[in-house]
Amino acid sequence: MQDIILSLLQRISSLPEIAYASADWGQLSYDVPPVEWPCALIDISQVSLHDHLQEQQCAEGIITVTLADYIDAPVQALDPPEDYALEMRIYSAIDALHQALQGYNTPGFSPLSRRSIRRVSGSPGLRVFAIEYLSSWTETIELPPTQPVRPCFSPTVTLRK
């Protein structure tokens, strides 16, 4: 899963609409979040697994990208339209994120497919959206070599005439 997050971080970091991208480790819960705005935080929030082989599992998971933006200035209803750019910046980031991630894949995971966008409540001035993508991948473990099991008995066979 680490490779998936790192690949997505690299892709999202190249977007000019997003100033900060990182794995989600709770940055938005700080009084003063240690991020730049707008930010994208990535986590794999839900994974279903089923066995494929003894050493392989197929995984299907929800990758959540939390997009957040903070506006530290009140915007008046009568402001000129060019001032709305700051208010609309989060929506530009959502669109750019979708263009970058929808269908994106590597040999390590299947193409991403957006499943939902929902507004998450935040503190005043903070707008937060959780965008969920579905993907699947295979996880393989290295099993130690095994020796065939041989019975520990010597059968005696007698033939009768």
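**A walk from the sheet to a helix**

Begin by selecting Ala23, which stands opposite Ile42 in E2. The model is predicted, with local features needing pLDDT of at least 70 and side-chain atom pairs counting only at pLDDT 80 or more, whereas totals for chains, interfaces and linings use all residues. Residues are numbered from 1 along each chain as its sequence is written, and side-chain values use heavy atoms, with hydrogens and water left out.

Next, select strand E1 (residues 20-23) and strand E2 (residues 39-53), which pair in the parallel sense over four bridges; strands are DSSP runs of E with at least two residues, helices runs of H or I with at least four, numbered from the N terminus, and pairing requires at least two DSSP bridges.

Now move to Thr64, located in strand E3 (residues 56-70). Is Thr64 buried or exposed? Thr64 counts as buried because its relative accessibility is 10%, where buried means under 20% relative accessible area, exposed over 50% and partly exposed in between, with a 1.4 Å probe and protein chains only. Among the residues that Thr64 touches are Leu41, Ala130 and Glu132, contact meaning heavy atoms within 4.5 Å.

Finally, select helix H2 (residues 84-101), which has 18 residues, and then pick out its buried residues, including Ile94 and Leu97. The buried residues of H2 pack against helix H1 (2-13), E3, strand E4 (113-120) and strand E5 (126-140).

Methods: The expected span of a helix is 1.5 Å times one less than its number of residues. Lists of a residue's contacts leave out its neighbours within four places in sequence.
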